[in-house]
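Reader: I would like to learn how to read the surroundings of a ligand. Please take me through it one feature at a time.

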Amino acid sequence: MKVMIAGFVAALVIAFLAPVILDQFGWSTAEQYSSESVRLD
Amino acid sequence: MNLKLFSVASFLMVALVFNPAWAQEAPEVDRSATGGAQTLEDIMARQKQLEVDESFRSENLGDPASAPPIRDELGTLGGRSDADVWRGIRYNELDPETQVRGPAVDVLIQDEGMPWLEFREGPLINYGGGAIIGFLVLLVIFYFVRGKIRIEGGPSGKKIERFKAIERFGHWLLAGSFIALALTGLLTLMGRSFLIPVIGHEAFSTLAIGSKWIHNNIAWSFMLGLVLTFCMWVVHNIPNKLDWQWLKAGGGIFSDSHPSAKKFNAGQKIIFWTVMILGVSVSLSGLSLLFPFQLPMFADTFGFINSILGTDFPTALAPHEEMQYANTWHSIVAFLMMLAIIAHIYIGSVGMEGAFDAMGNGQVDLEWARQHHDLWVEEVQARQGKGESS
Ligand code: HEM
């Protein structure tokens, strides 16, 4: 059962990390839809 | 398929519309009362789905050649009125330019969106949802008719290790994320129809935003779980002759017999390959949706299918059409997976005595193992006899 909980927790940890990592690569919608000269934040 | 029929039909319509021979044959409609614009007759004919010669609109795009100077009337539009411009867009006769940056921003009108929406709100919800409810009902009936599959003669009390911790971790990473994806996916598809009327727009909005966040992000856990379990279990899932025997005996489910099996029996191999193949497909179409317009896959897929089967699927797809196909496919595959997984969850929990332990703490009863995986038990014991671990 401990391993089962660990699997669920890992799924959540990955879910929280994913957007942080993707944003590093400039994959946010706002960045996709704006040109170089737009300052987003 | 509806969409295919529609594409063929619209292609034919367009071909007819731009065919001058056809235009001459068409019965003349008197449009003098509207000054050449469409009349009630035209609209009614379209509603009756008659073939209407639309050239009076599609060719009525203004007169850029004699456009007035920029400061004059209609000058800034280059000799076209607003209506001319919109007609041009409607019939794909203009090449629009925009200052908006990003993918697919120059698509202003996209016809295939309607059949997609209608399929999604109609048949997809009805057949998909109906299949799941129907299958759940069948399982409940099965449970009451067949009952729980017991360990014959009861558990022995001795244990044998079935899955190592890392195997169970991979399984629960896959299973936990799949269930989260299934629930949030169903909410995305069906929430509008079933939840908004009950909880209202505001509450649903909050729910939908949270659900979308989960669905988009937990997809990565699912893909990792898929890769992990594939790598760990694929060797045990290569089909062999034994599987045929097992299938012919119906897995012993109805006859109370116990056909021989190694680590995974034929039924489990079917679940394994269903999860792997559909899992990859749902992941690919999901990625295509997660990065809009960046990973179009359907034009190439249709081209490939056409080249093999000689079919006539459309291969020139607008960017949004690519997304619509990805979305439709994503949902169909997801429904198939949910059906398979419901059966799997049933047999791995309430359906069979002693099964859950395999994924619970990894230790199953020796008698359970002998009855369901006799050859695997022999292999493990032979290896242990030689001093190796399972
Ligand atoms: C609460 C939900 C679930 C339960 C109780 C459950 C239970 C189990 C158990 C007990 C086994 C081992 C069977 C054995 O000892 O041979 C197993 C195997 C497996 N599970 Fe699950 N599972 C669940 C959800 C899922 C989900 C959502 C997926 C995939 C999306 C999945 C994929 C698999 C696969 C591929 C195997 C190996 C093949 C097989 O045994 O059929 N499981 N599961």
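Reader: How many residues surround the ligand, and which are the closest?
Author: A residue is near a molecule if one of its heavy atoms lies within 4 Å of it. In this predicted model, 20 residues surround the ligand, the closest being B:Arg162, B:His171, B:Gln268, B:His344 and B:Ala358.

Author: Some ground rules come from the source: residues are numbered from 1 along each chain as its sequence is written, and chains are lettered from A and ligands numbered from 1 in the order in which they are written. Local features need pLDDT of at least 70, side-chain atom pairs count only at pLDDT 80 or more, totals for chains, interfaces and linings use all residues, and side-chain values use heavy atoms, with hydrogens and water left out.

Reader: What classes of residue make up the shell around the ligand?
Author: Ala, Val, Leu, Ile, Met, Phe, Trp, Tyr, Cys and Pro count as nonpolar, Asp, Glu, Lys and Arg as charged, and the others, Gly among them, as polar. Here the shell has 15 nonpolar, four polar and one charged residues.

Reader: Which polar side chains lie by oxygen atoms of the ligand?
Author: A polar contact is a pair of N or O atoms within 3.5 Å. A side-chain N or O atom of B:Arg162 is 2.7 Å from a ligand oxygen, and a polar side-chain atom of B:Gln268 lies 2.4 Å from an oxygen atom of the ligand.

Reader: Which element gives the largest share of the shell?
Author: Helices are DSSP runs (H or I, at least four residues), numbered from the N terminus. The largest share, five residues, comes from α7(B).

Reader: Which protein atoms are donors to the iron atom?
Author: Donors are N, O and S atoms within 2.8 Å of the metal (3.2 Å for Na, K and Ca). The protein donors here are NE2 of B:His171 and NE2 of B:His344, lying 2.0 Å from the iron atom of the ligand. B:His171 is in helix α7 (residues 165-194) and B:His344 in helix α12 (residues 319-348) of chain B, 173 residues apart.

Reader: Why is the arrangement around the iron called octahedral?
Author: Six donors count as octahedral if opposite donors are over 155 degrees apart and all others between 65 and 115. The six donor atoms here subtend angles of 86 to 178°, so the arrangement is octahedral.

Reader: Is B:His171 buried or exposed?
Author: Buried means under 20% relative accessible area, exposed over 50%, partly exposed in between (1.4 Å probe, protein chains only). B:His171 has 12% and is therefore buried, whereas B:His344, with 30%, is partly exposed.

Methods:
Tetrahedral: all angles 85-135°; square planar, octahedral: opposite > 155°, others 65-115°. Helix = DSSP H or I, 4+ residues; strand = E, 2+ residues; numbered from the N terminus. Polar contact = N/O pair within 3.5 Å; in protein donor to acceptor, adjacent residues only side chain to side chain.
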